Amino acid sequence: MMKKVITYGRVRETAKEKLREHYDLHVFSGQEDVSDASFAEALAEAEALIGLRIPADDRLLARAAHLKVVSNVSVGYDNLDLEALTRHGVAATNTPDVLNDTTADAIFGLILATARRIPELDRFVKDGEWEREGDLPEEKFGTDVHHRKLGIIGMGRIGEVIAKRAHFGFDMEILYHNRSPKPEVEETYDASYCSLEKLLAEADIVCLMTPLTPETKGLMGRGEFQQMKQSAIFINGSRGAAVKENELVEALKNGDILAAGLDVYQQEPLPADHPLLQLPHVVTTPHIGSSTGETEDNMSLLAAENVEAALEGQRPPNLLNPDVWESGGKE
């Protein structure tokens, strides 16, 4: 009998075709949870779950007696309760590295769009307000990115490729704050490790790229925005919950910072009446970090490789809870 695998949400067809060759595949939309009867029925027999966002916690695991691996189609894994998964003998995996360059491109695009006010000025042209050549009101001018000081909070894999673009492409001075220094990053990109307070006080652009952990939840709030320059730009490519959004709105309205570029939010999709959408100096994108066809295909295929390895008794290439493997996992 073929092993049962559940896919849901953003899993691409290329990966589904690969999995169908060897497994009994059950496809869901991603809107389901364990209270959905059809999903719960499939989950009861499934040996693998691949997708993103559905919480893999004790509630789910209690209904998944045969589950051996949960494979996130994402570098992030805040929906995975690693302690619970390990306790139940279930391997947890993610898809790092394949999205680094694509996400860094998106974040740097957000930096440029915010600093140069590109969405706002696109609307200026389309609304017929551009009446004469060279006649742009000074109040519509943007701010330079090149040769400015970029502060990166969270120098992980994506933070490093953002630093690469900033250093080699825009001659930017780079400050970074991380759990520990990274000498190779400092040497390669002439970056300086510093305290969060120093970074906030000195950076012209502050880019938040941390994972979501208990330590980073609500990391950026009123006090942090008030430490930034009034001419500074804030970029969030981390997670929405790492920012106290109401305090960001307050900082923008009060002029504590100049502008913000955001790809992630506390609630996604962002509600149409959200105050961030009423501010012209805020650029918003719909969580597009890895959203290109090539990268999404590669992420889904890597997630499928993690599933195949675990189900065939091999250590998955991107295992998040190695203790479960060392203990033998679920028989």
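Five aromatic pairs turn up in this structure, which is a predicted model.

**An aromatic pair**

- Phe108 and Phe170 have ring centres 4.8 Å apart, and their planes sit at 25°, so this pair counts as stacked; the cut-off for stacking is under 30 degrees.
- Where do the two partners come from? Phe108 belongs to helix 5 (residues 100-115) and Phe170 to helix 7 (residues 157-170), so the pair ties together parts that lie 62 residues apart in sequence.
- Phe108 is buried, because its relative accessibility comes to 4%, and buried means under 20%.
- Phe170, on the other hand, is partly exposed, at a relative accessible area of 23%.

**Two packed helices**

- Helix 1 (residues 13-20) packs with helix 12 (residues 293-311); the angle is about 25° and the axes are 8 Å apart.
- That makes helix 1 and helix 12 roughly parallel to each other, because angles under 35 degrees get that label.
- The crossing of helix 1 past helix 12 is right-handed.
- Which residues meet here? From helix 1 come Thr14, Ala15, Lys18 and Leu19, and they meet Asp297, Ser300, Leu301, Ala304, Glu305, Val307 and Glu308 of helix 12.
- Sorted by class, this contact between helix 1 and helix 12 has five nonpolar, four charged and two polar residues.

Technical notes. Residues are numbered from 1 along each chain as its sequence is written. This is a predicted model: local features need pLDDT of at least 70, side-chain atom pairs count only at pLDDT 80 or more; totals for chains, interfaces and linings use all residues. Side-chain values use heavy atoms; hydrogens and water are left out. Axes are lines fitted to C-alpha atoms, for helices over the stretch in contact, and angles run from 0 to 180 degrees between N-to-C directions. Helices (H or I, at least four residues) and strands (E, at least two) are DSSP runs, numbered from the N terminus. Angles under 35 degrees count as roughly parallel, over 145 as roughly antiparallel, 65 to 115 as roughly perpendicular and the rest as oblique. A crossing is left-handed if the near helix is turned anticlockwise from the far one by less than a right angle, and right-handed if clockwise. Contact means heavy atoms within 4.5 Å. Ala, Val, Leu, Ile, Met, Phe, Trp, Tyr, Cys and Pro count as nonpolar, Asp, Glu, Lys and Arg as charged, and the others, Gly among them, as polar. Rings of Phe, Tyr and Trp (its six-membered ring) pair if their centres lie within 6.5 Å; planes under 30 degrees apart count as stacked, over 60 as edge-to-face and the rest as tilted. Buried means under 20% relative accessible area, exposed over 50%, partly exposed in between (1.4 Å probe, protein chains only).
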